Structure formats: structure tokens, C-alpha cells
Amino acid sequence: MSFGENILKYKEDIIADLSELIAIKSISGYQQDCTAALDWMMKKAESFGLTTKSYDGLAGHAELGSGGKLCGVLSHLDVVPEGNNWNSLPFELSVGDGYMYGRGIADDKGAALITLYCLRALKENGVIGKNTMRAIFGTCEETGMNDIEMYFENEPMPDMSFTPDNRYGICRCEKGILQLELFGDTHNGTTLTQLHSGKAVNAVPDTAYALLDCTESEDHQLLRLADAKKGNFEFYYTIDGMMVLSRGKAAHALEPEKGHNAAVALIDLLTSNFSLPSLGNVCSFIESCIGLDTTGIKMGIKTRDAESGPLSVNVGTVHIDEGYATCTLDIRYPVTMNGDNILELVKKAAANEKLNVKVLKHSQPLYMPEDSEIIKLLSDSYEAIMNEKPDLYSTGGGTYARVLGGKGVAFGPVFKDEVSNIHNANECLSVEKFFKHAQICLEAMYRMFTAD
């Protein structure tokens, strides 16, 4: 019997607590609600007899043991906005057909709660550790990771660590992340009076709408063109002009090709019927420099490497009104590439449309050697539960691992090819595989806690 199996005795308690945690609407950027989730976690940890500490409601930890190496497991309690098209209430844990549904179940509240229960299992099973074991929780992972950066200004970096915020096997490469805002001094279009889409830069928007001041013949032509375009469009006549509603499919910005960007599809439709100047410089930039493509080829930034694969570009938000015009881009670039060079090419393309560029976030790539201590420990832990070695892989996702100074990687909780719908409607995890992850996580934490 592996030590990890001890987590299964808490199965009913975990599901009951998970229901409470999912119900806290801790959308990233709404700090009061995110702090409420952290406070809930700290109180739960204290009820297990664990030592806790938190900083400004942004980040905190629960701790077991003292001395030796400092070992950490990092997870986050903030979530992306719920979006649309759910089959259940997004902030209510729903269980059916062998799956658990709810915003945060896979990213990352489910895994966060498991790390806390792993500490409880270590404590209640009387494990005497040689090291200090911490479950570290943040609240701003989805919007820049300033939470965990602040935490490590006050606390030492772990000697070994992992973050269960990706998929199995072991992620040893994370692409660079460049998140940008492009904006004009004002909206300089004429036909287009409004366009709004998206709430988060790191998600593919699933809805968008535009208001148009155009002639009746232009209205009719637009309707005919919509039939030939890839997309789902609806048309309404309002007192402010024609409204065009675009419906797409949400996805995580690390894999924008798996979604259907409602904003880009809408702009593609509009530019097929109206001149670029009449739609304004933001729409002109998106059509000319990005379009329906997600590889960056139109801006000359398309690239890839053997270690981590291709670059990707996602238009996360577009907001245009009478006095302003702005959009955000999420670019994930390969680990061997220079992000500053990519930024300069984007700025050059934006300047052609007289747009300013503001860097919202630039996270450097992560690259971990295969023979590192933490990769061996996690590999052995996975094999103890799954009876097979985990694969090593790269991702476009951004996790807390990239701030760990080469002392940690992403590891779980979602299994390869498992449906999870992260950053999409109906976010879910298989109940069976969720508790398989729980066993792997406990096995890894046990080995970290007792390692020489």
C-alpha cells in the first residue's frame, strides 16, 4: 500500500468542503471575494491543527513540521469569470455522471483543497517529517501573480516544490507569457460606434457585440455576408443602430485554437463589408495583424522550438466606445525565444495603426532539466500510484512554477486527455481521477516531508 492511499478516508469531507469553497465567488480581480476564499482556507487549516500565516489577504500558507528543507506545494484560489453556456450553476458544486462541475474545480480550487487535506493526513497519521511542509495559497494567479511575488518577499523560497495547476505528467517547460494592452487616444471610427467583448486577457471570449451606424443597404449586405462566414451571428435593430451579436466558444489563451473567438469573428465579418477606417484603428489592427489566425504570422512573430512548440496569440478583450478604443493580447512564446524581440515586432505593427502598447505582464519562460531532484521525486510518486512513469512535457500555461527560481514545476491535477473545460463553461473533473490525483499529491508530499 502506498502512503497516498490514506487520503481516501477523507473523501466525503473533501467533497463537502469543496462545495463550500466553490460557492465563494472568488473571481480574480475582485480581491475582497478572493480574500474570503483565502480566509476560509486558513480557518479550515487551523481546524486541522495546522499553523497558518497570511499576508494582506493576498497569499498565505498552512504548515506542518519544522527544520530541514522547506518544501512547498503552491495553488491558487482565484478563478476566471464564469462566462456563459453552463449546464449547471457555476458557483455551486454539481456532481453527476461521474464528474464534479463548478468554476475552479480543475483550476485550481480542487487541487488547493487537496493539498490542505494532504497536510491533515500527514499530521493525523503521525508522520514524523525531516523537513518543513507548506501548502501555499495565492489569490491573484489569473491576473499577474503579484500575490505570490509579494509572498516570497516575506517568506523564503522553498528548496523543492510543485504546483498542481496543470496536467500530468511533469511540466518542465512553460512558455513565456506576454500580455499587452493596445489602445488609441480615442475611437476614430465612424460606422462602428461600439464593440465589446471579453472579460479576461487569458481567455478566448465566447460573446461579442457591435453597434453600427450604417445604411439599410449596408445592413442587408452584412446579413448576406454573415451566411458565408465562420461564426454564429444575430442581428437586431435598436434605437442606437444595428446591433450584431457574435457567439463563439471559450477556451484558455494557452490553446486559443481550441476556441472560437467571438470578437475576432465579429471583426472579420465587419471588415468584409465596411472600410477599415470606418471601423477604427483597433479593429483595423486586429484584422490586418491578427485575423482569424492564432500563430502570429501576420505580425511576423510566428515561431516554434523543439522544446515547447509554437507561439500563440489570443485577443482576450476588445472594448470600443465613443471616447476610447482598446484591446488586449495574450502571447505565449517558446522557451528558447526572446520575448523582448517579440514585443518590439508587436509595437511596430501597432504603431502602423497609431496604437499605443502597454505591457500588462511579461513572465519569462521556465525550463527545468530532466535530472533535477524534484522531477525524480515527483516521477517516483506518480509511478507509486499509477504503476507507470509520467511523461515530461511543455505548456503554454503560466503557473506559480515560473516564480520558483528553478526549484519547482507544475504537476497535475488534470490527467492527459481528461475533459476538464478549464476557462470554459462546465469546468469539471472526473471524481475517480480527482481522487487518483489526491493519492499522487499525498504520496509526493509524504516523500518531500520525509526526504533526507
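Helices (H or I, at least four residues) and strands (E, at least two) are DSSP runs, numbered from the N terminus. An axis is a line fitted to C-alpha atoms, for helices over the stretch in contact, and angles run from 0 to 180 degrees between N-to-C directions. The model is predicted: local features need pLDDT of at least 70, side-chain atom pairs count only at pLDDT 80 or more, and totals for chains, interfaces and linings use all residues. Residues are numbered from 1 along each chain as its sequence is written, and side-chain values use heavy atoms, with hydrogens and water left out.

**Exercise 1.** Describe how helix H6 and helix H8 cross, and list the residues that meet.

*Solution.* Step one: find H6 at residues 262-271 and H8 at residues 281-289. Their axes come within 10 Å and cross at roughly 95 degrees. Step two: name the arrangement. Angles under 35 degrees count as roughly parallel, over 145 as roughly antiparallel, 65 to 115 as roughly perpendicular and the rest as oblique, so H6 and H8 are roughly perpendicular to each other. Step three: look for contacts (heavy atoms within 4.5 Å). From H6, Val-264, Ile-267, Asp-268 and Thr-271 meet Cys-283, Ile-286 and Glu-287 of H8. By class, this contact has 4 nonpolar, 1 polar and 2 charged residues. Here Ala, Val, Leu, Ile, Met, Phe, Trp, Tyr, Cys and Pro count as nonpolar, Asp, Glu, Lys and Arg as charged, and the others, Gly among them, as polar.

**Exercise 2.** Work out which strands are joined to strand S15 by bridges, and which residues stand opposite Leu-245.

*Solution.* Step one: recall that two strands pair if DSSP finds at least two bridges between them. Step two: start with S13 (residues 207-212), which runs antiparallel to S15 (residues 241-247) and is joined to S15 by 6 bridges. Step three: turn to S14 (residues 232-238), also antiparallel to S15, with 7 bridges. S14 and S15 form a hairpin with 2 residues between them. Step four: pick out Leu-245 in S15. Tyr-209 stands opposite Leu-245, and Glu-234 has Leu-245 as its bridge partner.

**Exercise 3.** State which strand gives the most residues to the lining of the largest pocket.

*Solution.* Step one: S23 gives the most, with 3 residues.
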